[in-house]
Amino acid sequence: MAYDIEEIRAKFPILLRKIDKKPLIYLDNTATSQTPRSVVDAVVSGYCDTKANVHRGVHTLSQEATELQEESRRRVKDYIGASSVKEVIFTRGTTEGINLVASSFGSLFPENGEIILTVMEHHANIVPWQLLQSRRPDIKIKVVDINDQGELLLSQYRSLFNDHTCMASFCHVSNVLGTVNPVKEMIEYAHSKGVPVLIDGAQAVPHMRIDVNDLDCDFYAFSSHKMYGPTGIGVLYGKREHLLRMPPYQGGGEMIAHVSFDGTTFADLPFKFEAGTPDFVGIGAFPKALDFMEEVGVGKIAEHEQELLEYAEAKMREIPGMRIFGNAPHKSAVISFLVGDIHHYDMGMLLDKLGVEVRTGHHCAQPLMHRLGISGTVRASFAAYNTREEVDAFIEALKRVIPILS
Ligand code: PMP
């Protein structure tokens, strides 16, 4: 079936919006993607038709709400290829998933344990490990560097492992460089040294189908809002053998079996890690986002985005003074760039006046900015609904604002 871009665009109400009387050209998909009507309708229905707290009541509404949430869990399990729903933990997003692992799994690390990260990590995959380090000063963090193309130095990665290495944690896809890391190979190597791996999949899952069993990762974290789903929810996949050994991350309702002042026992997986009332409305609506991706076809979305990426980059390279950060052969549809001495913030402000919404700044990757010797970039990123015409308008807008700012 052909890629029917108009049919896809028609599913996204926000794409009809104007910015300063100009058609919206939304190129900030790495930060969050837009939401199809089907997902919004499911959220509305969650509030209007079935709202009741989950896992708590015998009444009809509570049972319906619980069923929606648990059906969502079954769907996610199948979507990511997990072996059991017990391995699917609902979180607030990638950030919470990584914090959970760093805090809980991290508490089991041996003395003088070493964690391997990479220089291209989002702060969400740096700071939680540093927080662990602040409680456990014996723990060391080691960092893999990149080459000029923005690819990880794999020989350096391998050389960082030693008898103290107890964790490796890295992104599947960089939110700045777009680099798609060879995670399967990296996981295989870590496992050959007996080291578990967490993958930050925030930027991968919107653009590719993942299979956690095939990857054999120990943990995989991602966010719904970057893959056409509701905000405020995410998923942490964890291998059951690890989750069983890990202490709870937070305490409260839902995560207990029995509570007394003499001691408390915890609920079974996955509920041991889901303290308090979850965003059950968002969780219940999440399968509609998976439906959207499956109906269009994740492979087709990726192909479409790759075409836009190549088309846009070719045109951008013709612009004098253009510097694109991240030129890996295997790259996702993210373009971080600077032109001459123009400040990224000024460029973003003027592009906005022309209806073009791009990201500016350090993209929550300050160590990477430091490595690149810059304070930030402008970042354009594509999703299923972006068009060649939008790329043309973006390039025209760039050509208009550059002379003003130079
Ligand atoms: N990791 C990466 C690579 C990201 O791009 C992001 C979001 N920008 C995050 C983690 C954090 O995701 P969230 O804010 O949804 O928790």
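1. Basis. Residue numbers start from 1 along each chain as its sequence is written, and side-chain values use heavy atoms, with hydrogens and water left out. Because the model is predicted, local features need pLDDT of at least 70 and side-chain atom pairs count only at pLDDT 80 or more, whereas totals for chains, interfaces and linings use all residues.

2. Domains. The protein chain is assigned domain 1 (5–31 + 297–405) and domain 2 (40–293); such bounds come from an automatic or database domain assignment. Taken over C-alpha atoms, the two domain centres are 28 Å apart.

3. Interface extent. On the side of domain 1, 35 residues are in contact with 27 residues of domain 2, contact meaning heavy atoms within 4.5 Å. About 2,600 Å² is buried between domain 1 and domain 2, with 59% of that area from carbon and sulfur atoms. Buried area here is the accessible area (1.4 Å probe) that two parts lose on being put together, summed over both. In domain 1, the residues that lose the most area to domain 2 are V298, L368 and R371, together 22% of what that side buries.

4. The rule finds one salt bridge between domain 1 and domain 2, a salt bridge being a side-chain nitrogen of Lys or Arg within 4 Å of a carboxyl oxygen of Asp or Glu. D145 and R371 form a salt bridge through their side chains, at 2.6 Å from N to O.

5. Elements at the interface. Helix 11 (298–317), strand 14 (334–339) and helix 13 (366–372) each supply at least two residues of the side of domain 1 that touches domain 2. Helix 13 gives the largest share of that side, six residues. Helices (H or I, at least four residues) and strands (E, at least two) are DSSP runs, numbered from the N terminus.

6. M186. This residue is in helix 7 (residues 183–192) and is buried, at a relative accessible area of 1%. Buried means under 20% relative accessible area, exposed over 50%, partly exposed in between (1.4 Å probe, protein chains only). Not counting residues up to four places away in sequence, M186 touches L152, L154, Y157, F170 and N181.

7. Salt bridge within helix 3. The rule counts 21 salt bridges. One of them pairs R73 with E70, with closest N and O atoms 2.7 Å apart. R73 and E70 lie three residues apart in helix 3 (residues 60–80), about one turn of the helix, and both are buried.

8. R75 forms a salt bridge with D291, at 2.7 Å between the closest N and O atoms. D291 lies in helix 10 (residues 280–296) and R75 in helix 3, so this pair ties together parts 216 residues apart in sequence. The side chains of R75 and E294 also meet in a salt bridge, at 2.6 Å from N to O. Salt bridges that share partners join R75, R209, D291 and E294 into one network. R75 is buried at 17% relative accessible area, while D291 is partly exposed at 23% and E294 partly exposed at 36%.
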